[in-house]
Amino acid sequence: MSRKQQSSLPAIDTPYMINFLTKLLNTPSPTGFSNQAISLLEKELAAFPEVRTERTRKGSLLAFLPGQDGLDAPTTRGLTAHVDTLGGMVREIKASGRLELTSVGGFAWGSVEGENCLVHTREKGTVRGTLLPHKASVHVYENVRDEKRDAASMEVRLDARVSNVAEVRELGIEVGDFVSFDPRVEVVNGFVKSRHLDDKASVANLVCAIKALHDHNLKPRESTCFLFSNFEEVGIGGSSDFPASLEELVAVDMAAIGDGQASDEYHASICVKDGGGPYHHELSNKLRDLAADYDIPVKVDIYLHYSSDGKAYWRAGGHAAVALIGPGVDSSHHYERTHTDALVDTTRWILAYLLS
């Protein structure tokens, strides 16, 4: 007898998902500066009265959804995705009036060369600029093509008439101000192109799954929490804030694509091992079985240069079983791209887990 489920999963509101994802991508949230994105999530989840939310002391957002086991049942399941992204902070205001940055998160400097950005001042709003090599002009410098791209060689050219430190400080800019890179979101032919799909695509998956349950008046099988973390890109996002009663944790984060990888842009993937070692074999198998039950085609992969909030949770002493799934994202930590098929299938997979 076939193992296929007799009932179907609730329908996914794909236009809603893409619209919310676009809003989230256009909300700056480099690690340590994610309050606007967390506020956007709070407002979005407020549309679902069955969901209770709370801010953690670390600034992340916890959402609780009661299950079929009743309001007083302990929270035994969790899912997590992160709103924080790559970015920078002002390390030095140069004598020339340009800015040297320190990176926030693990990106290659060449991946953001030429990108427009915002400097977020404490008291005077934002200032536009562009990240460029100090030696940018091929008409002036001989070795432009060969110069190393790193923190010392890159600088922000401000879109303001400044040529010294004092004039920059008049704009309200100081050392320690956050810098966000423009996402450049485009939706074309089923593709979503943008910086920071890692991991805002997965955040949209979780919110859309919650909406699907709400729209169809369904509850998860067990009481579940959702952690929208804000420090994942520096390795500590999932290290705290989960209930002690947690028994299973599914991290939802982008699947890496490239030579030697099984993942692609059109499918959801499950990572069975990353740079920190294997994930929980039995929970991973449970998720793979659910995908088969609901005819969700998935890729199984290993990411050698990768870690997740699930591994942060384990490193901090978390005792629950942990697995990792997510949509395939091309060119991770660069100008990324995924496909609607991967987003929809990841959301359906989350729903299958919640209802199982």
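Predicted model: local features only at pLDDT ≥ 70, side-chain atom pairs only at ≥ 80, totals over all residues.
1. Residues are numbered from 1 along each chain as its sequence is written, and side-chain values use heavy atoms, with hydrogens and water left out.

2. Where does serine 111 sit? Serine 111 is in the loop between strand 5 (99-104) and strand 6 (116-120); helices (H or I, at least four residues) and strands (E, at least two) are DSSP runs numbered from the N terminus. Serine 111 counts as buried because its relative accessibility is 5%, where buried means under 20% relative accessible area, exposed over 50% and partly exposed in between, with a 1.4 Å probe and protein chains only. Setting aside residues up to four places away in sequence, serine 111 touches Arg195, His333 and His334, contact being heavy atoms within 4.5 Å.

3. On a 1 Å grid over the protein atoms alone, a cavity is a set of points where a 1.4 Å probe fits but cannot get out, a pocket is an open set with protein on both sides within 12 Å along at least five of seven lines, and lining residues have an atom within 4 Å of a point. The largest cavity holds about 70 Å³ of space, a volume being the space filled by probe spheres set on grid points, which are joined across faces, edges and corners. Its lining divides into three nonpolar, five polar and four charged residues; Ala, Val, Leu, Ile, Met, Phe, Trp, Tyr, Cys and Pro count as nonpolar, Asp, Glu, Lys and Arg as charged, and the others, Gly among them, as polar.

4. How many cavities of 30 Å³ or more are there? The count is two, and the second largest cavity holds about 30 Å³. Residues lining the second largest cavity include His82, Asp199, Glu232, Asp253 and Asp309. Strand 3 (77-82) and strand 13 are the elements that give two or more residues to this lining, with the largest share, three residues, coming from strand 3. By class, the lining of the second largest cavity has three nonpolar, two polar and four charged residues.

5. The largest pocket has a volume of about 470 Å³. Of its 23 lining residues, Met254, His305, Tyr306, Ser307 and His333 are the closest to its centre. Helix 6 (residues 309-315) gives the largest share of the pocket lining, three residues. Seven nonpolar, nine polar and seven charged residues make up the lining of the largest pocket.

6. Helix 5 (residues 281-293) is worth a look too. Its 13 residues should span 18 Å at 1.5 Å a residue, and its end C-alpha atoms are 18 Å apart, so the two agree; the expected span is 1.5 Å times one less than the number of residues. Leu283, Ser284, Leu287, Leu290, Ala291 and Asp293 are buried in helix 5. The packing partners of these buried residues include strand 15 (268-274), strand 17 (298-302) and helix 7 (340-355). After helix 5 comes aspartate 295, with a positive phi near 55 degrees.

7. Alanine 291, in helix 5, counts as buried because its relative accessibility is 1%. Beyond residues up to four places away in sequence, alanine 291 touches Ile296, Val298 and Trp349. Alanine 291 and histidine 333 are 42 residues apart in sequence and 28 Å apart in space, C-alpha to C-alpha.

8. Finally, why is helix 7 described as largely enclosed by the rest of the structure? The reason is that 13 of its 16 residues are buried. Helix 7 reaches 23 Å from its first C-alpha to its last, close to the 22 Å expected. Helix 7 is also one of the elements against which the buried residues of helix 1 pack; those residues include Tyr16, Phe20 and Leu24.
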